[in-house]
Amino acid sequence: MSHEKVVQDSKKSMEKGLHNFQEEMAKIRTGRASVSLLDDVRVEYYGSQVPLNQVATLSTPESRLIVIAPWDKSAISAIMKAIQKADLGLQPVDDGKVVRLSLPPLTEERRKDIVKMAKKIAEESRVAIRNVRRDGNEHLKKIQKSGDMSEDDLRRSEHSIQELTDDFIKKVDESLQKKEKEIMEI
């Protein structure tokens, strides 16, 4: 494997880690309604578990309200059960046509707990990115020891991986700051 390939593979792994981090951040509840809160909700529909967004239209007409409009009205009870089972801390209300989820305002204490959780997820992502850096650098050193790479190429490749690491950690930090601001907004 060439040193360029090691750098490319490291970049791909870091991109994957950043993507996973951003998906986790999207699931964290802020004071505003977001249909991403329901991404993991699975509904029992004709004998199989399907994502909620495959049996209904999800919308946020107000900042603290999610409306779930099932395509098949007979699915309402299954949707209600799935939301309650998901343990989101939200009480679904159905009027026979749509299901409404009202998000209560977050207390200051709950906001701080959510920020702590977001910081923990961010730190885990930073560690994962640093682990990719370490693995990439170890791989480069093995290539260099085998005689397939010069000392200068090793330094340049290690520098490239360090720049990638710094860039991806900066992106994690920026996403965290943005999420913190969303959470602490009243």
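In this predicted model, helix H4 supplies the largest share of the lining of the second largest pocket, namely 4 residues. Two elements, H1 and H4, each give two or more residues to that lining. The pocket has a volume of about 200 Å³. Of the 14 residues that line the second largest pocket, Met25, Ala26, Lys178, Lys179 and Glu182 lie nearest its centre. The table divides the lining by residue class.

| Class of lining residue | Number in the second largest pocket |
|---|---|
| Nonpolar | 4 residues |
| Polar | 5 residues |

The largest nonpolar core comprises 26 residues, among which Met14, Phe21 and Ile28 touch the most other members. Helix H1 (3–27), helix H3 (108–145) and helix H4 (151–184) each give two or more residues to this core. H3 gives the most, with 9 residues. Beyond its neighbours within four places in sequence, Met14 is in contact with Ile129, Val132, Arg133, Ile161, Leu164, Thr165 and Phe168. A second, separate core has 22 residues, including Leu37, Leu38, Val41 and Ile66.

Serine 157 is found in helix H4. Is this serine 157 buried or exposed? Serine 157 counts as buried because its relative accessibility is 4%, below the 20% limit for that class. Its side chain makes a polar contact of 3.1 Å with the side chain of histidine 3. Apart from neighbours within four places in sequence, serine 157 is in contact with His3, Val7, Leu140 and Met149.

Note on methods: Residues are numbered from 1 along each chain as its sequence is written. This is a predicted model: local features need pLDDT of at least 70, side-chain atom pairs count only at pLDDT 80 or more; totals for chains, interfaces and linings use all residues. Side-chain values use heavy atoms; hydrogens and water are left out. A nonpolar core is a set of buried Ala, Val, Leu, Ile, Met, Phe, Trp, Tyr and Cys residues joined through side-chain atoms within 4.5 Å. Buried means under 20% relative accessible area, exposed over 50%, partly exposed in between (1.4 Å probe, protein chains only). Contact means heavy atoms within 4.5 Å. A polar contact is a pair of N or O atoms within 3.5 Å; within protein, one must be able to donate a hydrogen and the other to accept it, and residues adjacent in sequence count only if both atoms are side-chain atoms. On a 1 Å grid over the protein atoms alone, a cavity is a set of points where a 1.4 Å probe fits but cannot get out, and a pocket is an open set with protein on both sides within 12 Å along at least five of seven lines; lining residues have an atom within 4 Å of a point. Grid points are joined across faces, edges and corners, and a volume is the space filled by probe spheres set on the points. Ala, Val, Leu, Ile, Met, Phe, Trp, Tyr, Cys and Pro count as nonpolar, Asp, Glu, Lys and Arg as charged, and the others, Gly among them, as polar.
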